Amino acid sequence: MNYKTTNRGKQPVEDKTCSLVSRISVSLPPQLLEELDHMVEGRGYGSRSQAIGDMVNYQLAEHKRKLGNDVMVGTLTLLYDRTTRGLQKSLADIQYEHIDEVISSLHVHLTHNQIMEVILLQGPANTLQDIANKMISQRGVITGHLQLMAAIIPPLHAATED
């Protein structure tokens, strides 16, 4: 990557060859266009193109997730009742069974009985969906949601040969 020096230090210079875009034409009914414009304004997008690009990226990630074995990164968010006997152990056991896919987890006590847990996952989409299904279906889990993205986490350490 190239860098230029600015008053804020060295800043990466965007490679113009990587930022090329293709122009397409989209036809929308007036009411849908009006809703799109409200969303663009409400979410603070710079343009319709940016909003549509974001939606296309989301749909492509969903498509890849449904196809099955592309490696993806995502979060599994659970809300569960901590007083359900054996639930926390079951959730921990499932995470341990999938230690190659479970990167990290964080839990927050929301009320006396309710815990929200967010689990960072990476691996084949179908495997991540299976993990989510196992966890969400546990007795005592109130709700859960798996959100996947077509990206991967870079390795923290280079592999070493012993």
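M72 stands opposite G123 in strand β5, and L79 stands opposite M116 in that strand. Both pairs belong to a predicted model, in which local features need pLDDT of at least 70, side-chain atom pairs count only at pLDDT 80 or more, and totals for chains, interfaces and linings use all residues. Residues are numbered from 1 along each chain as its sequence is written, and side-chain values use heavy atoms, with hydrogens and water left out.

**The sheet**

Strand β3 (residues 71-81) and strand β5 (residues 114-124) run antiparallel and are joined by 11 bridges. Strand β3 is also joined to strand β6 (residues 141-149), by eight bridges, and these two run antiparallel as well. In β6, Q147 is the bridge partner of T75. Two strands are taken to pair if DSSP finds at least two bridges between them. The strands themselves are DSSP runs (E, at least two residues), as are the helices (H or I, at least four residues), and both are numbered from the N terminus. Strands of a sheet pair through backbone hydrogen bonds, either parallel or antiparallel.

These pairings form part of an open sheet of four strands, in the order β4-β5-β3-β6, with antiparallel pairing. Strands β4 (102-109) and β6 stand at the edges with a single partner strand each, so one side of each has no neighbour in the sheet. On average, neighbouring strands of this sheet are turned by 15° against each other, direction ignored.

**The chain as a whole**

The secondary structure of the chain comes to four helices and six strands. From the N terminus on, the elements follow the order β-β-α-α-β-α-β-β-α-β. The chain has 162 residues, of which 23% count as buried. Buried means under 20% relative accessible area, exposed means over 50%, and partly exposed lies in between, with a 1.4 Å probe and protein chains only. Among contacts in the chain with a separation of 6 or more, 62% come from residues 24 or more positions apart. A contact means heavy atoms within 4.5 Å.

**Helices α3 and α4**

Two packed helices are described by the angle between their axes and the distance between the axes. Helix α3 (residues 87-97) packs with helix α4 (residues 125-136) at an angle of about 165°, and their axes are 10 Å apart. Because of this, α3 is roughly antiparallel to α4. Axes are lines fitted to C-alpha atoms, for helices over the stretch in contact, and angles run from 0 to 180 degrees between N-to-C directions. Angles under 35 degrees count as roughly parallel, over 145 as roughly antiparallel, 65 to 115 as roughly perpendicular, and the rest as oblique.

The crossing of α3 and α4 is right-handed; this term applies if the near helix is turned clockwise from the far one by less than a right angle, and left-handed applies if anticlockwise. On the side of α3 the contact is made by L91, I94, Q95 and E97, and on the side of α4 by I131, K134 and M135. By class, four of the residues in this contact are nonpolar, one is polar and two are charged. Here Ala, Val, Leu, Ile, Met, Phe, Trp, Tyr, Cys and Pro count as nonpolar, Asp, Glu, Lys and Arg as charged, and the others, Gly among them, as polar. Helix α3 also lies across β3, β4, β5 and β6, and it runs at about 170° to β3.

**Selected residues**

| Residue | Relative accessibility | Class |
|---|---|---|
| L28 | 33% | partly exposed |
| T77 | 28% | partly exposed |
| T84 | 12% | buried |
| Q95 | 12% | buried |

L28 lies in the loop between β2 (9-13) and α1 (30-43). Apart from its neighbours within four places in sequence, L28 is in contact with L33 and L36.

T77 lies in strand β3. Not counting residues up to four places away in sequence, T77 touches M116, E117, V118, T143, G144 and H145. T77 and G144 are 67 residues apart in sequence, yet their C-alpha atoms are 5.4 Å apart in space.

T84 lies in the loop between β3 and α3. Leaving aside its neighbours within four places in sequence, T84 is in contact with R139 and G140.

Q95 is found in helix α3. Not counting residues up to four places away in sequence, Q95 touches V102, S105, E117, I119 and M135.
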